[in-house]
Amino acid sequence: MVMSDNNNISYCQAVANRTSFFTTAYNGIPETLILNTIFWVLLILLFTTLRHQAGDFGRLALVNSNGSKKRWTEIFYSRAASVVDPQPSTSTQVTPRPSATSQGIADSTPLSPIQPEEGLFGWIRVTLKLRKETILLHTGPDAVHYLSFQQHLMAVMALVTIVSLVIILPVNFLNGPKENPYDVNAFGRTTMANLSPESPWLWVHTIITILYIPLVVLIMRRASGRNAFKKAATRTIMISNISSSDRNKTVVRNYMQELFPDVTIENVSIAYNISRLYVRNAEFERVHEARLYCEQHRNRDTLMAKPDMCSCKKENAYEYYQREERKLSGDVARLRASAMNEPLDVAFITVSTVQEAQNIVTHFTPGTYRQWHLVFAPSPDDLFWENLNVNKSHWYLKFFCVNTVLFLVLFFLSTPAMVVSLLNSRPWVKETEGKISPLVADFLPTLMLWTLSALMPVIVAISDKWMRHYTRSKQNYSIMTKCFGYLLMMILILPSLGLTSAQALLEWGFTNQADRWQCVFLPERGSFYVNYIITAAFIGTALELLRFPELIVYIWSLLKAKSKAETPYIRKAILIEFPFGTHYAWTTLVFTIAIVYSVACPLIMPFAMIYISLKHFVDRHNLYFAYGPSNMISRKGGKIHSTAVTMTKFSVVILVLVMAMICYFRGENGMARFLLLIISLAITLTLFTFMSPIKRCAATRRPSIVEIAGPAPIYVPDVLKDNGVRTSSVRPSVAGFGGYGSDSVSEYDSSQYSVNSVGA
């Protein structure tokens with residue numbers, strides 16, 4: 001809008017300068033787009049070259065301990081993946097098939113890539129043709145829910161993009177003031193700032209804002225992740241707070257049978273303190289596989305090991321690993337025996353039907369002597385068995401300390417906007433203002449903002465792992481919610497208000513600076529977010545394909561290895577699960593930014609559509625070719641998928657709130673629009689609270705849940721099983737996948753799930 005007061009214009013220009021280095025024609029969007037396109041093409045060519053050089057090796061080759069001559073490119077950028085034939089529902093055995101590029105595959109099946117890769121860019125066609133059944137079988141139900149979430153975001157953003165370009169953009173561009181209009185090539189002419197406060201065309205923006213509410217809700221509520229918890233293993237109950245005298249299978253079984261005599265108890269298991277055993281077993285697994293490597297290759301190549309990384313002393317690798325294996329084998333056996341004598345206050349009881357489990361959880365009342373807590377058990381693959389020994393009071397103390405430090409650091413000391421503002425105040429910036437090319441000057445702030453926003457989730461993820469959550473789903477859920485909250489405040493809310501940190505927000509709250517509301521959605525700030533989304537869409541997604549951070553971790557692990565005999569173990573260790581929490585937060589943040597700015601700055605939507613399309617393609621590729629399988633689906637585990645759907649509702653809530661504030665602070669003529677938007681906001685919040693998926697996703701009482709097919713899972717950690725020391729230490733196993741130390745990472749028992757059970 002056009003400010004009638006010159007003081008307000010000067011004030012807003014001062015505020016705008018806090019989040020940008022310099023200003024050029026059209027606010028640097030063409031330059032940013034050109035630079036990002038160039039870098040994107042170069043990064044894609046680099047990835048394609050590395051992938052082509054990797055050769056015809058898939059994730060089967062990745063974990064094959066006999067593959068001694070593979071290059072690093074073959075580990076990270078292999079062109080093929082293992083695929084499996086569909087199995088009957090009564091069988092849990094999975095037979096590996098040759099890779100997608102192997103010769104002799106004449107016919108394609110619904111569970112294999114359609115065609116082998118041909119040429120440098122064949123991976124693009126193969127990724128696009130991946131079917132939901134293939135992804136479900138190969139990567140697990142979490143991937144299907146995540147991709148369904150993105151597909152529904154794409155549907156919403158496609159409709160919003162059409163409205164923005166067909167309706168809002170012409171209204172903004174053609175109905176500006178006659179006096180002192182924006183230049184025809186100025187970015188401000190495409191924004192709502194081009195309309196005067198008295199313009200009746202502002203009603204178009206108000207009506208479209210209100211219409212976006214049902215659009216987002218009705219489409220996103222169809223995402224399959226919203227019902228992720230409705231098909232899970234629910235016959236097992238987790239009992240906690242068991243006194244030391246009752247930590248016995250017989251006591252637990254007899255007590256529950258006494259309380260519920262009509263219930264058939266199939267199995268009872270006790271959790272044990274395996275934290276030390278877990279660490280020692282991982283060392284044993286590393287040494288054991290290194291010894292096997294030496295045993296198979298010692299006749300062809302004399303291997304030497306360096307026991308001390310800082311020493312030059314070497315010895316025969318086979319003798320070293322043989323000695324270490326004997327030592328660690330005894331330690332593992334002793335720790336297993338010791339763990340069996342340290343039962344925890346957690347037990348798992350499996351009954352015959354889900355109705356019986358529901359009846360027990362609903363009607364169990366803690367007694368005078370046994371203050372047990374009963375909940376539906378998460379999937380055994382979702383549990384961090386080594387963390388169950390953490391005392392709850394200690395866990396909550398760590399939770400409070402970690403989140404307090406995170407809040408202070410991320411909100412008050414290191415927001416991206418504060419860093420940009422700090423650089424603006426440096427003398428060298430002012431001295432070089434006329435020397436730096438505008439092409440670089442407009443590209444740097446958004447690249448810096450994207451880089452800092454990418455580092456922030458890493459800090460959150462590391463802190464959450466240190467907290468030692470009990471389940472993977474809770475860890476991912478915590479990372480997702482905290483990352484989204486911090487990113488929303490740091491990337492969207494504070495910079496949109498012209499603030500650099502939460503401290504500035506508090507100072508503004510205690511002072512009377514109503515003029516600042518007139519600076520919301522300045523053309524310069526709208527273009528800043530356009531540049532940000534362009535950077536995230538091109539450079540961000542290309543870097544996700546290359547996965548440089550994981551490559552650095554892999555190289556560091558190789559440098560720490562005592563000999564090259566440890567390489568097979570390291571190759572298995574890099575096959576990590578997809579970080580759903582972080583990627584849900586990133587994707588939802590960009591969606592929220594796009595929706596909030598879609599009315600005032602319609603040009604943001606085409607680039608947001610490019611982002612979600614490229615992001616979906618990259619995630620499809622990485623989920624299938626780069627990451628290990630994941631299955632967090634259980635009674636509580638599916639909450640991460642349903643809450644991600646809920647978080648999308650924040651976009652329309654913030655949009656309506658901001659539009660209402662703009663109408664209120666920018667002229668008396670907007671009071672009618674303000675009242676309409678406030679009423680719409682009140683109705684929206686009421687519906688979200690009492691009638692929308694928000695309540696259902698957060699409530700503890702669920703609708704009826706369908707039991708998955710097959711036998712109930714066994715609640716025993718791998719390190720306590722007979723073959724535990726052979727299969728469990730690299731990373732926890734996922735249902736149906738064997739251990740992560742097995743020769744195949746595609747042994748997923750898909751008979752438990754179908755596309756209909758996880759689809760929209």
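Predicted model: local features only at pLDDT ≥ 70, side-chain atom pairs only at ≥ 80, totals over all residues.
How much accessible surface does the protein chain have, and what share of it belongs to carbon and sulfur atoms? The accessible surface comes to about 32500 Å², and 61% of it belongs to carbon and sulfur atoms, with areas taken from the Shrake-Rupley method with a 1.4 Å probe, where for residues only the protein chains shown count as cover.

Residues are numbered from 1 along each chain as its sequence is written, and side-chain values use heavy atoms, with hydrogens and water left out.

The protein chain has 760 residues, and 56% of them are buried, meaning under 20% relative accessible area, with exposed being over 50% and partly exposed in between (1.4 Å probe, protein chains only). Its secondary structure comes to 30 helices and eight strands, which are DSSP runs numbered from the N terminus (helices H or I, at least four residues; strands E, at least two).

Let me turn to the aromatic rings. A search of the whole structure finds 20 aromatic pairs, a pair being rings of Phe, Tyr and Trp (its six-membered ring) with centres within 6.5 Å, where planes under 30 degrees apart count as stacked, over 60 as edge-to-face and the rest as tilted. One of them joins Phe 348 and Tyr 715, whose ring centres are 4.7 Å apart and whose planes stand at 20°, so this pair is stacked. Phe 348 is in strand β6 (residues 343-351) and Tyr 715 is in the loop between β8 (706-707) and α29 (724-727), so that distant parts of the chain, 367 residues apart, are linked by the pair. Phe 348 counts as buried at 1% relative accessibility, and Tyr 715 counts as buried at 2%.

A second example is Phe 578 with Tyr 627, where the centres are 5.3 Å apart and the planes are at 90°, so the pair is edge-to-face. Phe 578 lies in the loop between α22 (567-573) and α23 (580-598), and Tyr 627 in the loop between α24 (604-625) and α25 (639-647), so the pair ties together parts 49 residues apart in sequence. Both residues also belong to one aromatic cluster, formed by Tyr 146, Phe 149, Phe 578, Phe 580, Tyr 584 and Tyr 627.
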